Amino acid sequence: MAANSPEKLIIFDTTLRDGEQSPGASMTKDEKIRIAKQLERMKVDVIEAGFAAASPGDFEAIKAIAGIIKDSTVCSLSRANDKDIARAAEALQPAERKRIHTFLATSPLHMEKKLRMTPDQVFEQARLAVRYARKFTDDVEFSPEDGSRSDMDFLCRVLEAVIAEGATTINFADTVGYGVPELYGHMLKTLRERIPNSDKAIWSVHCHNDLGMAVANSLAGVMIGGARQVECTINGLGERAGNTALEEIVMAVKTRRDYFNLDIGIDTTQIVPASKLVSQITGFAVQPNKSVVGANAFAHASGIHQDGVLKARDTYEIMRAEDVGWSANKIVLGKLSGRNAFKQRLEELGIALESETEVNAAFARFKELADRKSEIFDEDIIALVSDEQHSHDKEFYRFVSLSQHSETGEKPSASVVFSIDGKESSCEAEGNGPVDAIVNAIETKVASGAELLLFSVNAITTGTQSQGEVTMRLSKAGRIVNGVGADLDIVVASAKAYLSALNKLHSKSEKLNPQL
Ligand SMILES: CC(=O)SCCNC(=O)CCNC(=O)[C@H](O)C(C)(C)COP(=O)(O)OP(=O)(O)OC[C@H]1O[C@@H](n2cnc3c(N)ncnc32)[C@H](O)[C@@H]1OP(=O)(O)O
Ligand SMILES: CC(C)C(=O)C(=O)O
């Protein structure tokens, strides 16, 4: 390679694994597949699809993703034991390119208090795990969990041994977000300098955001430490305060190529669609002032800035909104728009509907909405397409209609019509508020016994004509699910969200109410 020619920075997305570890962000198999397809469209190098040994559902999701994704490597996490590794290998079996990612904690605290193992036992188990994983694939990643709080001599010993066993990627984990950029970067540099076979592996960073430094730590790991893989998630989703945000890493390295001098394979125009999809599926709203993907990231409110931008955009913009997937909104969609304009917008948003029938159904819903709302924004389209895709998931409960009455000084009441396994049913109840009345009405029929953990309403666009997107998070018997519903009427959106969550809790083998 010519001197100074840029090296590649591998983007390893773990939205479907570490992202899913955010309390309340659990995803169904179909939701994971939709996100995985979007990640592939965005050209991420590695998709960590889940933790195969965690549950049969996660196993099935990884297997399905492994069978569908062709252009990215598909990865499963596994503990450092034969059972987890074999399960990961089995789930990844259909993948064209597969990676097993095994990990074991190396910090004194984790070894003694959590694993209850001696350093020598950890050393041996890490080696054996990598040796076993290599039987299934030649792409094996090892992470010393809580690496940034580990003893350097011990880390050198373990990492040299796992590289000798065939680990091809070493992921220096800042598991609890304890790192400080300069220190973290130098720890990585020291490891690479001290470990004799360090050049046989690609070095990676995986940083958590407990102190808000995940992106800074990751970039220090790249620049000071020489890491050539960054582990990250869409919108920075992840355990506790989250992970390194993919969109921030990618745009920092691209925008400041003069400094980083690294190549990235990401199609950045797919970033905003990915962000919206993940937010919509998990119910985790993106804050307006979030870098790159927040609604205000390219908005200018003050006169001097507006004047500058009108004269030359780069006075106040270091990136172009179109380059990260904010649409330039050339064509305004409304009730007079035709199928071609609608299809073109779907394409721009990175939404690939599988068949012409699906496009037609989505188009019909678009026309219905356009009759009620003068201008249809991208967010409306994402919401209606996502509703459309949900309706293909064989809904057991399906919203039909409702009427609701609220008057000052009176208890709100609601009657709801919805179908249960195709049979229409109506119910009514009172509540402490309109949404409470609706939930009570539905519960008179379903009797799910689920606990409502979260109820949130987001205006999808601006103004009083905006559709409301409601997320309801329900918990039952240890399972937590999110239901999302969108409508111009937020009470209807709430009923749809509640039924969508009930659908996720429902399964044929384990009915919510065996009487139904
Ligand atoms: C830093 C991270 O993000 S790591 C990934 C975290 N993600 C998850 O934990 C999500 C998926 N996890 C799960 O579904 C479950 O925890 C399972 C299926 C993996 C294990 O479930 P259980 O067998 O019931 O064990 P439980 O979760 O209670 O405890 C974890 C066990 O794994 C051990 N363990 C923890 N890390 C590792 C590791 N890397 N390698 C081997 N064993 C490990 C613990 O010491 C504990 O062992 P013990 O039961 O002998 O005390
Ligand atoms: C499994 C590892 C990489 C992890 O998620 C962490 O340490 O945070």
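A nitrogen atom of ligand 1 sits 2.6 Å from a polar backbone atom of F103, which makes it a polar contact (a pair of N or O atoms within 3.5 Å). This is a predicted model, where local features need pLDDT of at least 70, side-chain atom pairs count only at pLDDT 80 or more, and totals for chains, interfaces and linings use all residues. Residues are numbered from 1 along each chain as written, chains are lettered from A and ligands numbered from 1 in written order, and side-chain values use heavy atoms, without hydrogens and water.

**Around ligand 1**

- R79 puts a polar side-chain atom 2.8 Å from an oxygen atom of the ligand.
- With A80 it's a backbone N or O atom, 2.9 Å from a ligand nitrogen.
- On its own, ligand 1 has 1,000 Å² of accessible area, and the protein covers 53% of that (Shrake-Rupley method, 1.4 Å probe).
- The shell counts 15 residues, with Q21, R79, A80, F103 and E145 the closest; to be near, a residue needs a heavy atom within 4 Å.

**Where α7 meets α8**

- The axes of α7 (residues 181-194) and α8 (residues 214-223) come within 8 Å and cross at roughly 35° (lines fitted to C-alpha atoms over the stretch in contact, with angles from 0 to 180 degrees between N-to-C directions).
- P181, Y184, G185 and L188 of α7 touch A216, N217, A220 and G221 of α8 (contact means heavy atoms within 4.5 Å).
- Those contact residues split into five nonpolar, three polar and no charged, with Gly counted as polar.

Notes
Polar contact = N/O pair within 3.5 Å; in protein donor to acceptor, adjacent residues only side chain to side chain. Helix = DSSP H or I, 4+ residues; strand = E, 2+ residues; numbered from the N terminus.
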